[in-house]
Amino acid sequence: MEDDIESVVWSSGQISDRVSELATELNYDFSIESTSSSPVFVGVATGAFVFLSDLVRRISFPISVDLIRVSSYGFGTLSNGNPSISSDLKLDVSAKHVVLVEDIVDTGNTLSRLIEHLKSKGASSISVCTFLDKPSRRKTVVKLVGKGKFYRGFECPGYFVVGYGMDFAERYRNLPYVGVLKPGCYQEVSEELPKKKMHTSI
Ligand code: PRP
Ligand code: MN
Ligand code: MG
């Protein structure tokens with residue numbers, strides 16, 4: 001797996017430092033916000049699972065944690081640009097402050113769909129905390145709800161990245177750093193598996 005990586009973009013040490021800074025921001029913002037109930041941190045499966053796990057362990061106020069899954073595919077193999085909720089929350093978020101936790105925001109389609117969904121469930125605010133942000137590829141404006149804020153770890157350049165939860169064709173999520181795949185590996189994997197939506201471009 002390590003042999004497939006051309007270069008490291010963010011090392012695990014750099015990631016850890018940045019996640020700590022994000023947690024400090026969230027700890028501060030939520031300490032000045034008078035909340036009657038615990039905010040709900042909602043991770044977007046699958047990609048956010050590593051970041052979610054690192055982030056919530058640095059949060060120092062009471063929270064709940066839940067997961068949600070979005071699918072863009074239907075029965076086909078190509079993204080239809082209209083994601084649907086394929087696995088919903090376990091918790092009730094009505095009148096709750098929600099922090100949506102993502103590994104990467106690319107076109108913004110996934111987040112916009114999720115925000116619309118959580119708003120319809122009556123969340124009193126919706127913030128977004130994404131590890132990576134690719135504003136250059138945005139197709140949909142991500143509209144936050146109530147006093148929601150947008151937190152991001154790093155702005156990501158336009159090339160293809162994997163690791164720290166992010167996959168290519170379901171591989172490389174377990175790398176502890178973010179890296180760029182060698183072009184050969186990208187071809188090799190894409191030939192053995194069906195074509196899938198890419199969250200990043202090469
Ligand atoms: C990736 C990524 C985000 C989404 C961002 O998920 O984890 O959830 O794409 O893309 P967008 O802003 O263009 O909607 P993906 O659909 O690949 O599923 P995964 O998390 O299971 O890898
Ligand atoms: Mn995802
Ligand atoms: Mg993916």
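Around ligand 1 there are 15 residues, of which T46, G47, D106, T107 and T110 are the closest. Two elements, β5 (97-105) and α3 (109-120), each give two or more residues to this shell. The model is predicted.

**Shell of ligand 1**
- Strand β5 supplies four residues, the largest share of the shell around ligand 1.
- By residue class, the shell around ligand 1 holds eight polar, four charged and three nonpolar residues.

**Helix α1**
- Helix α1 spans residues 12-32, 21 residues in total.
- From first to last C-alpha, α1 reaches 31 Å, close to the 30 Å expected at 1.5 Å a residue.
- Its buried residues are I15, V19, L22, L26 and F30.
- Viewed down the axis of α1, these buried residues fall within an arc of 65 degrees, so they line one face of the helix.
- The other side of α1 carries the exposed residues G13, D17, E21, T24, Y28, S31 and I32.
- The cover over the buried residues of α1 includes the elements β1 (5-10), α2 (49-56), β6 (125-133) and β7 (150-155).

**Residue R173**
- R173 sits in the loop between β7 and β8 (178-181).
- R173 counts as partly exposed because it has 17 C-beta neighbours inside 10 Å, where buried would require 20 or more and exposed 12 or fewer.
- Leaving aside residues up to four places away in sequence, R173 touches G165, M166 and D167.
- R173 and V50 are 123 residues apart along the chain, and their C-alpha atoms are separated by 8.4 Å.

Note on methods:
Residues numbered from 1 in each chain as written. Chains lettered and ligands numbered in written order. Predicted model: local features only at pLDDT ≥ 70, side-chain atom pairs only at ≥ 80, totals over all residues. Near = placed C-beta within 6 Å. Nonpolar A, V, L, I, M, F, W, Y, C, P; charged D, E, K, R; others polar. Expected span 1.5 Å × (residues − 1). Arc of directions from axis to C-beta. Contact = placed C-beta atoms within 7 Å.
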